[in-house]
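Please look over the sequence and the model before reading on.

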Amino acid sequence: MSTIRESCGVLGVYSFEDLQVVRMLVSGLQSQQHRGQEAWGIGVPGKVYKMMGLVLDGYSEDVERVLSGFKGSCGIGHVRYSTKGISSLSNAHPIQVEGFSIAHNGTISNYHEIALKIKSLGQTSSSHVTDTELAAIRLRQIQGEVGDWFEAFERLSSELDGAYNFTIVTDEGELIAVRDGRGFRPLCVGWEGDQSGSNLYVIASESCVIEYINARFDRRLCFRDVEPGSVIKVSGEGYECRKIFEESQHAHCPFEYTYFANPSSYIEGINVYEARENCGRMLAKMYEEEVKGDVVIPIPDTARPAAIGFSEEAGIPHKEGLMKDRYRRKGSLRSFIEPSKRISIVREMIPIKPIIEGKDVIVIDDSIVRGTTSKEIVRRLKTAGAKRIQWYLTFPPIQYPCYQGIDFPTREELIAPRVCKGDCTVEEANESIKKYLGVNRVGYIDLENLSKGIGLPVNNLCNSCATGDYSCLKSKPIFKSRREMKN
Ligand code: SF4
């Protein structure tokens with residue numbers, strides 16, 4: 001069970017009909033709440049509004065009251081969990097710099113180089129700025145020189161390393177969006193009617209936003225993925241999308257499919273729910289010689305489609321063996337929580353005794369990061385009377401930190417390299433994690449079967465956290481402590 005935080009969701013809306021887009025932005029952010037629960041914000045030309053915590057209900061009176069001064073027919077939005085920079089309102093997005101406001105999903109892995117560059121050009125910045133603010137200041141410098149957004153991003157991309165999807169609203173009322181050349185994080189664009197002549201454009205981290213807007217605002221938006229390396233500009237002159245930089249290979253994050261993204265979303269044309277179900281099938285095939293048991297249960301909620309796929313492939317019944325408390329706030333939300341609270345969240349996951357007692361239980365999980373939550377669930381299943389416990393995982397052993405937009409812990413905190421005492425193969429991790437959890441069998445998926453399950457070639461997936469290969473970045477990151485990343 002992952003207790004990892006996503007590193008944000010971005011949004012941008014532009015109306016050619018002078019529609020006030022604030023309510024649409026707030027509702028769209030609500031549908032991306034799973035991507036960040038630490039803070040949220042919206043920006044319209046020349047103005048930003050930010051709050052800590054969860055997004056307001058886009059239909060509530062609070063939105064009218066709080067955002068009554070916010071008007072605009074274009075704007076951007078953001079839900080945050082920090083990967084770089086402390087959790088504070090000032091670090092929440094959108095971040096305002098001279099001339100525009102910016103929202104970011106990703107991590108700029110060479111932010112220290114950008115800071116030096118800014119300094120060498122005579123502009124100072126506070127010592128606690130985030131990677132996003134540094135990129136924004138540098139973008140401002142370049143844009144001031146070249147005067148064109150496409151050219152500015154072409155130049156900026158040669159300086160930036162890491163994962164970056166930006167949405168920007170300028171003080172003049174333009175909407176700009178960019179997706180990095182590797183396509184680490186998802187980004188899609190939705191429009192009404194004809195793409196080149198639509199009245200409404202929506203740019204979002206996930207396509208679930210488009211469906212949400214269709215349903216809530218009675219619109220009929222089509223959507224597609226934004227190609228990696230593309231810049232979109234929507235202004236009074238119309239909609240323009242240009243591919244301005246190309247990487248030989250993409251590096252889409254497989255964790256988006258197995259854990260983060262909403263199951264209804266499409267990423268690179270692939271439905272997330274189906275990808276999860278297929279990963280469950282691949283896992284059952286991978287271990288078909290040894291898969292025997294009485295019941296397949298998911299760790300709710302993320303692993304449910306994978307458990308269904310696994311159960312169908314293995315011919316073993318699928319049941320709900322753990323029930324999340326849906327009526328308390330933390331029960332219904334995902335575990336984007338402080339480390340100290342993780343165990344208490346797991347305690348709100350109640351085993352259903354008749355499903356577990358006396359059974360050989362096959363647990364399907366999306367990943368193990370630090371291992372503490374999984375260990376607690378094992379304890380609870382044993383208390384509920386499980387005869388045997390097997391644990392299968394739809395993500396390979398996580399061995400290295402992520403510098404591409406996910407808040408994976410430092411290497412010292414990761415359970416796989418800790419119990420394996422260094423790098424490990426899938427087989428070695430299966431044995432060591434089995435002993436650590438105190439279960440009868442552990443079966444991790446490998447990269448090849450993960451790629452088959454998702455439906456993207458291995459060489460178009462990022463695998464840095466599983467392999468330690470950071471060749472999808474321009475240079476290998478210098479591993480930092482948690483404290484260093486947050487300062
Ligand atoms: S390092 Fe892992 S979590 Fe980060 S982008 Fe790559 S695959 Fe995704």
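The points below cover the sheets, the helices packed on them, the nonpolar cores and the ligand surroundings.

The model is predicted: local features need pLDDT of at least 70, side-chain atom pairs count only at pLDDT 80 or more, and totals for chains, interfaces and linings use all residues. Residues are numbered from 1 along each chain as its sequence is written, and side-chain values use heavy atoms, with hydrogens and water left out. Helices (H or I, at least four residues) and strands (E, at least two) are DSSP runs numbered from the N terminus.

**The antiparallel sheet**

- An open sheet of 7 strands has the order S3-S2-S4-S1-S10-S9-S11, with antiparallel pairing; two strands pair if DSSP finds at least two bridges between them.
- Strand S3 (47-52) and strand S11 (221-225) are the edge strands, each pairing on one side only.
- From one strand to the next, the twist averages 15°; axes are lines fitted to C-alpha atoms, for helices over the stretch in contact, and angles run from 0 to 180 degrees between N-to-C directions.
- Strand S9 (residues 188-192) pairs with strand S10 (residues 200-204) in the antiparallel sense over 4 bridges, and Trp191 stands opposite Tyr201 in S10.

**Helices on the antiparallel sheet**

- Helix H6 (residues 208-217) packs on the sheet and touches S1, S9, S10 and S11, where contact means heavy atoms within 4.5 Å.
- The direction of H6 makes about 175° with that of S11.
- The buried residues of H6 are Cys208, Val209, Ile210, Ile213, Asn214 and Phe217; buried means under 20% relative accessible area, exposed over 50% and partly exposed in between (1.4 Å probe, protein chains only).
- These buried residues of H6 pack against S1, H1, S9, S10 and S11.
- Just after H6, Asp218 takes a positive phi of about 55°.
- Helix H1 (residues 22-30) lies across strand S1 (9-15), strand S2 (39-44), strand S4 (74-80) and S10, and runs at about 155° to S2.

**Leu11 in strand S1**

- Leu11 is found in strand S1 and counts as buried because its relative accessibility is 0%.
- The C-alpha atoms of Leu11 and Gly28 are separated by 7.4 Å, with the two residues 17 apart along the chain.

**The parallel sheet**

- A further open sheet has 4 strands in the order S16-S19-S20-S21, and its pairing is parallel.
- Its edge strands are strand S16 (295-298) and strand S21 (441-444), and the twist averages 20° from one strand to the next.
- S16 and strand S19 (residues 360-365) pair over 4 bridges, with Val295 opposite Val361 in S19.
- Helix H9 (residues 304-314) packs on this sheet, touching S16, S19 and strand S20 (388-393).

**Nonpolar cores**

- The largest nonpolar core has 68 residues; such a core is a set of buried Ala, Val, Leu, Ile, Met, Phe, Trp, Tyr and Cys residues joined through side-chain atoms within 4.5 Å.
- Helix H8 (residues 272-286) gives the largest share of this core, 6 residues.
- A second, separate core of 29 residues includes Val97, Val129, Ile142 and Phe153.

**Ligand surroundings**

- Arg185, Cys253, Pro254, Cys402, Gln404, Ile406, Phe408, Cys462, Ser464 and Cys465 surround the ligand, each with a heavy atom within 4 Å of it.
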